[in-house]
Amino acid sequence: LFGFSTEAASVGSYDITISSANETSSESVKIEQATPATFSVGQIDAPISVTQGDTLRVSAPIENIGDEGGEQAISAGFNAQAASQNVTWAGGETGTAGFIFSTSEVDAGSYDVTIASVNDTSSALVEVNSPALPSGTITFNDADLMSNDLVNVTANVTNGGGEGRVN
């Protein structure tokens, strides 16, 4: 078994010949340039909708599709908010980048959320819904009331919005 280093060799094709007293064998070898670290962003995992005031959690698979290892800042954005994290992965390695955003100061509506590397960007649409708005009726007995009389009141409250609580 023979080995040799390609560290000092230039990119290209080479013929390698091995000979002994009785036999000779040749093989062609191609030396290629290693691909530098290149980070690809996959499909974002995000909820379709959130209620205003809730936390928005998003993530995406990040793959170093290069041959060489490397480090990159992965950034994310939602409305006027931005966040980033550094990732260091070997060539061919895949991991996940996750981010958390507040929706407390965000108006109801549709928003793009993006996750990006230097090389690639992915986005998803997230709907921010208004909190639940209670609606209902209040009724009480029709009797003539005098000062300090006790009144029976019945209230029926219905959640007229999306998700949420009525306190």
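Tutor: Contact means heavy atoms within 4.5 Å. By that criterion, and not counting residues up to four places away in sequence, E68 touches A34, T35, P36, A37, A90 and G91. This is a predicted model, in which local features need pLDDT of at least 70 and side-chain atom pairs count only at pLDDT 80 or more, whereas totals for chains, interfaces and linings use all residues. Residues are numbered from 1 along each chain as its sequence is written, and side-chain values use heavy atoms, with hydrogens and water left out.

Student: Where is E68 found?

Tutor: Strands (E, at least two residues) are DSSP runs, numbered from the N terminus. E68 lies in the loop between β5 and β6.

Student: Is E68 buried, exposed or partly exposed?

Tutor: Buried means under 20% relative accessible area, exposed over 50%, and partly exposed in between (1.4 Å probe, protein chains only). At 37%, E68 is partly exposed.

Student: Which residues have the most contacts inside the largest nonpolar core?

Tutor: A nonpolar core is a set of buried Ala, Val, Leu, Ile, Met, Phe, Trp, Tyr and Cys residues joined through side-chain atoms within 4.5 Å. The largest one has 23 residues, and V58, I62, F78, F99, F101, V113 and I115 have the most contacts inside it. The largest share, four residues, comes from β5.

Student: How is the order β3-β5-β8 to be read?

Tutor: Two strands pair if DSSP finds at least two bridges between them. Here three strands form an open sheet in that order, with antiparallel pairing. β3 and β8 stand at the edges with a single partner strand each, so one side of each is left without a neighbour in the sheet. Three bridges join β3 to β5, and S40 has E63 in β5 as its bridge partner.
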